[in-house]
Amino acid sequence: MKILVPIKQVATLDEDFEFREDGRDIDPDFLIHDLNEWDNYTLEEAMRLKEGPGGEGIEVVVATVGPESADEELRKCLAKGADRALRVWSDALEDADAIGVARVLAALARRESPDLIFAGVQATDHACGATGMALAGLLDLPHAAVVAALDYTPGSNSATVRRELEGGSYASVRIDCPAVLTLQLGINTPRYASLRGIKQAAQRPIEVLDAEALGVTADALGAAGSASRVRRMYVPEKGRAQMIEGTPAEQAARLAQIIKEFGGAA
Amino acid sequence: MMSGILVISEHRNGELRPVSRELVGAAVALKDATGEPLRVAVIGEAPERYVAELKLAGVDEVLTVQAVVDAFDPEIYEASVRALIEARQPSLVLLAHSVDSLGYAAPLAVKNGYGFATDVFGIERDADGWVATRAGYGQKVNIEVDFPGRSVVVLTVRPGAYKPVETFGEPSVSAVPAPAVTPRSQHLGFEEPAGGDDVNIPGAEFIVSIGRGVGEEDNVEEFKELADSVGATLGCSRPIADAGWLPKARQVGQSGKTAAACKLYVAMGISGSVQHMAGMKHVETIVAVNTDPEASIFTIARYGIVGDIFDIGRELRNHF
Ligand SMILES: Cc1cc2nc3c(=O)[nH]c(=O)nc-3n(C[C@H](O)[C@H](O)[C@H](O)COP(=O)(O)OP(=O)(O)OC[C@H]3O[C@@H](n4cnc5c(N)ncnc54)[C@H](O)[C@@H]3O)c2cc1C
Ligand SMILES: Nc1ncnc2c1ncn2[C@@H]1O[C@H](COP(=O)(O)O)[C@@H](O)[C@H]1O
């Protein structure tokens, strides 16, 4: 069987960042890249099944929709034991939102025919929380979001999942498979890559495809395949924090005063 | 021509979720601005039981859809909301940005070609149609999005972003026929959060809370001691609880505890994610300590200290 793990290269802002000329995004020179935090957990969950009872035949395929720089994140996954890595890109995808990305992943999933798909609940950069479930919709597969525990026997035609709800309670759900799940932080304890794994991953191939080759037509690609369009991006007005300046000793003295005033008032 | 605003309410375990009234709050403001009628829908096994609570001021019509189970199922919700849209032809559909809608909003939008954005906290309409504002890059920027060419726009709205409507009106009530769905998943039951620690985050008046900025497990001890010496209850953000460095009962936020009685909250090494803030942003005095001057926690804090939590922590102990 096969588990598809779509992963995202996320971006955080450099301390002094600038907007792109059109004002619709950040100038890429000021972005720092990393693997989406949630994707450490999705890969781990796939590896946990592969290494668990009956998992010998499981192939774990990691895939991303992103430019060449995203290879680095795929290699992190290969280093931790993923069997195969794929990257899909076309310049038109610059303008894709989560729905536009899901369309490409759907085309890829149709080619790969996985038995399970594990996406992250959301990404640390834009926190859309949409890609994985949009993918489920496009593939018309059973789906569950914010899964905090998974009970699945490889080859079985159903799984039991624990959806994490607001306030820390849970709902248990039995779901037919193949299915698409979005997995939540804390579902497992992600491993670190070994040095040997990292070395080997550097030599491993990454299959690179363009979206057109996967059969994504122009009317579904990038902006055309998206459900929203960015008009502008801006820094919101700062809230009301009054900054406490000075040396750490001075800052701490003021904080101590705030605490003592509170204690006096309580 | 699509016209009208449709709000999808949420309930769990027989209780209407409070965010439903916030969605109505958001929708009433848009109704006032655009003149479009406002409808609120409820989907459930016995949807009538929620109707009285949804007859809120400003609502023109309450719609019910009968479902085969009361607990949330993504495919029943998706099909029901689609049926509601087809029955009433709204231009805007508002859902809560909640765990349940994370499971069905995107499939609904993508299958029908609706405009779509999540976790929005600003909605307007101008000459081009609906415009929504959400955040990006770890809450550090705002992003304004529109939906060219879409006659229906589905938005999930950030809990806490709008004031709930608390007064009642006299909307009409109609039932929309339930669509045929064969769900491919089955709700088995609810489970309450595990107990564990005897700490009482909801009851604590003074909380010192630590986040990923503590770096490693061995450092947690010195913040335990710090909290003790200043007389605070020690809380934490999610990564600290997920890693098992502190029990889940100490986690503040959407999937943890709400600092309900808290009056002073010192956030140390916490960036200020929406989900963390959901549990503490109401606190009267928030002090944030963070090395990153752009951390979003500073946008809700009363006092901010740009600094290292270890330096500040050690200096602070000298005063107690
Ligand atoms: C459905 C759902 C539910 C969730 N529920 C919750 C919840 O209940 N509670 C919760 O907290 N999260 C929750 N999350 C996770 C949330 O999205 C964030 O991942 C989490 O809040 C981040 O925690 P953090 O701020 O400690 O870590 P980070 O975002 O990594 O921030 C760490 C901060 O520490 C600062 N820092 C680093 N070193 C230092 C230092 N030496 N001194 C000072 N500052 C330093 C950094 O600048 C950074 O701002 C949930 C997510 C989802 C999707
Ligand atoms: N460009 C991408 N390529 C592959 N997977 C992605 C991409 N963007 C998002 N995802 C998946 O969706 C999750 C994040 O969801 P979202 O918040 O909607 O971006 C990630 O954890 C991935 O599983």
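At 6% relative accessibility, B:Cys262 counts as buried (under 20% relative accessible area is buried, over 50% exposed and in between partly exposed, with a 1.4 Å probe and protein chains only). Before going on, note that this is a predicted model, where local features need pLDDT of at least 70, side-chain atom pairs count only at pLDDT 80 or more, and totals for chains, interfaces and linings use all residues. Residues are numbered from 1 along each chain as its sequence is written, chains are lettered from A and ligands numbered from 1 in the order written, and side-chain values use heavy atoms, with hydrogens and water left out.

Back to the cysteines. Over all chains there are zero disulfides, a disulfide being a pair of cysteine sulfur atoms within 2.5 Å. A:Cys77 is in none, and the nearest cysteine sulfur, that of A:Cys128, is 20 Å away. B:Cys262 is likewise in no disulfide, with the nearest cysteine sulfur, that of B:Cys236, 14 Å away. A:Cys77 is buried too, with a relative accessible area of 1%.

Now for the rings. The structure holds six aromatic pairs over all chains; rings of Phe, Tyr and Trp (its six-membered ring) pair if their centres lie within 6.5 Å, and planes under 30 degrees apart are called stacked, over 60 edge-to-face and the rest tilted. One of these is B:Phe72 with B:Tyr104, a tilted pair at 5.8 Å centre to centre and 45 degrees between the planes. B:Phe72 sits in the loop between β5 (61–66) and α3 (74–88) of chain B and B:Tyr104 in helix α4 (residues 99–112) of that chain, so the pair ties together parts 32 residues apart in sequence. (Helices, H or I with at least four residues, and strands, E with at least two, are DSSP runs numbered from the N terminus.) B:Phe72 is buried at 11% relative accessible area, and B:Tyr104 is buried at 3%.

Another pair joins B:Phe223 and B:Phe310: their ring centres are 5.5 Å apart and their planes at 65 degrees, so this one is edge-to-face. B:Phe223 belongs to helix α5 (residues 220–230) of chain B and B:Phe310 to helix α8 (residues 309–317) of chain B, so the contact ties together parts 87 residues apart in sequence. B:Phe223 is buried at 1% relative accessible area, and B:Phe310 counts as buried at 15%. Ring pairs also link B:Phe72, B:Tyr77 and B:Tyr104 into a cluster.

Charges meet rings as well. The charged end of A:Arg254 sits over the ring of B:Tyr303, 5.3 Å from its centre (the rule: NZ of Lys or CZ of Arg within 6 Å of the ring centre and within 35 degrees of the ring normal). A:Arg162 lies over the face of A:Tyr170, at 4.0 Å from the ring centre.

Finally, the voids. There are five cavities of 30 Å³ or more; on a 1 Å grid over the protein atoms alone, a cavity is a set of points where a 1.4 Å probe fits but cannot get out, and lining residues have an atom within 4 Å of a point. Among the residues that line the largest cavity are A:Phe17, A:Lys238, B:Gln139 and B:Thr299. The second largest cavity holds about 70 Å³ of space, and its lining includes A:Arg163, B:His11 and B:Phe72.

Conventions:
1 Å grid on protein atoms, 1.4 Å probe; cavity = no way out; pocket = protein on both sides within 12 Å on 5 of 7 lines; lining within 4 Å. Points joined across faces, edges and corners; volume = space filled by probe spheres on them.
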